[in-house]
Amino acid sequence: MIEAALQEAKSQDPTVVSGRIRSLWRHPVKGFTPEPLEAVRLEAGRHVPFDRLFAVEDGPSGFDPAEPQHISKQKFTVLAKIAEVARIRTRLDDALGVFHAVAPGHAAFAGDLRSEAARERLAIWLAVVLADKVRGPLKVLPAPERHRFMDDEEGFVSIINLASVEALSRHVGRPLDPRRFRANVYVEGWPAWIENDLSGRALRLGAAALTVVKPIVRCVATHVDPDTGEKDIDVVRSLFEGFGHTFCGIYARVARGGEVRLSDSISIEA
């Protein structure tokens, strides 16, 4: 299927499978505010810098920093479990190491999460803001070296095809904010859903080279409006009813590092 799609696309327009990067993002604390980037330097075998570097444990998760393993997102304060997390606005100043958080009706938080004391203060602040929405006790976990709190243990870099989001938007009859899908890279110029058949394929992303791992199976986190924190649409059901699958996006690994910038090309290697 992918070979036929690539050949058909090339016969119609030689550049159609070479899209452009519309936006780049990182999510310093799992489940919280995505932060836009103008550029990022990827390294082979590594995640996007500062992406999912921290996670907020909602009750004991069993995570062992000495032997870090993938932990289910349901163990953390994430949108799939607590939609109200979207109402908290966060920002990491990585130059100074200071993490900022604000929420309506509450004093702002600021602290260097490399410090255990600051992580404890953030946990207390979040417990007050989220109140009865959490099981608790809350604990802010820093990722050990080379580990990140991803939804999938193979998901080093996540990529969304904006044409697929637009196709889904047409199906549901309203525009969907692509931030619902919490990706690192958003691509324009690819045909809708071509990404579903790219497993094992090589991608050239700016000066970096990536290998596609697999499509991303979406969950109820996508049901949450990223601005209001309200669950307003069943994206998972809409995907299945409209397209016969629950995929939107792909996971990839960095095979060769390099600089990646907004408007750089992202091409599917033949």
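Is F149 buried or exposed?

1. **Ground rules.** The model is predicted, so local features need pLDDT of at least 70 and side-chain atom pairs count only at pLDDT 80 or more, while totals for chains, interfaces and linings use all residues. Residues are numbered from 1 along each chain as its sequence is written, and side-chain values use heavy atoms, with hydrogens and water left out.

2. F149 is buried, with a relative accessible area of 4%. Here buried means under 20% relative accessible area, exposed means over 50%, and partly exposed lies in between (1.4 Å probe, protein chains only). The count of aromatic pairs comes to four. Rings of Phe, Tyr and Trp (its six-membered ring) pair if their centres lie within 6.5 Å; planes under 30 degrees apart count as stacked, over 60 as edge-to-face and the rest as tilted. Helices (H or I, at least four residues) and strands (E, at least two) are DSSP runs, numbered from the N terminus. F63 is buried too, at 12% relative accessibility. Ring pairs join F63, F76 and F149 into a cluster.

3. **A second ring pair.** F109 and W125 have ring centres 6.4 Å apart and planes at 45 degrees, so this pair is tilted. It also links distant parts of the chain, with F109 in strand β7 (residues 109–112) and W125 in helix α2 (residues 116–130), 16 residues apart. F109 is buried at 4% relative accessibility, and W125 is buried at 12%.

4. **Helix α3 and its cover.** Which residues of α3 are buried? In this helix (residues 162–172) they are L162, A163, S164, V165, A167, L168 and S169. Their cover includes β1, β9, β10 (185–188), α4 (235–243) and β13 (247–256). At the start of α3, a side-chain oxygen of N161 comes within 3.1 Å of the backbone nitrogen of A163. After the helix comes G173, with a positive phi near 80 degrees.

5. **V187 in β10.** Strand β10 holds V187, which is buried at 0% relative accessibility. Leaving out residues up to four places away in sequence, V187 touches G19, R20, I159, I160, N161, L162, A163 and I266, where contact means heavy atoms within 4.5 Å. L162 and A163 are among the buried residues of α3.

6. **T33 in its loop.** T33 lies in the loop between β1 and β2 (35–37) and counts as buried at 16% relative accessibility. A polar atom of its side chain is 3.2 Å from the backbone oxygen of I88, and the T33 side chain reaches the backbone nitrogen of T90 at 2.8 Å. A polar contact is a pair of N or O atoms within 3.5 Å; within protein, one must be able to donate a hydrogen and the other to accept it, and residues adjacent in sequence count only if both atoms are side-chain atoms. Beyond its neighbours within four places in sequence, T33 is in contact with R26, H27, P28, I88, R89 and T90.

7. **The cavity.** How many cavities of 30 Å³ or more are there? The count comes to one, and the largest cavity holds about 50 Å³ of space. On a 1 Å grid over the protein atoms alone, a cavity is a set of points where a 1.4 Å probe fits but cannot get out, and a pocket is an open set with protein on both sides within 12 Å along at least five of seven lines; lining residues have an atom within 4 Å of a point. Grid points are joined across faces, edges and corners, and a volume is the space filled by probe spheres set on the points. The lining of the largest cavity includes L24, W25, V40, L42 and N184. Two elements, β1 (18–26) and β3 (39–42), each give two or more residues to this lining.

8. **The pocket.** The largest pocket has a volume of about 400 Å³. Its lining has 23 residues, of which K73, D151, I216, R218 and Y251 lie nearest the centre. Strand β12 (residues 208–217) gives the largest share of this lining, four residues.
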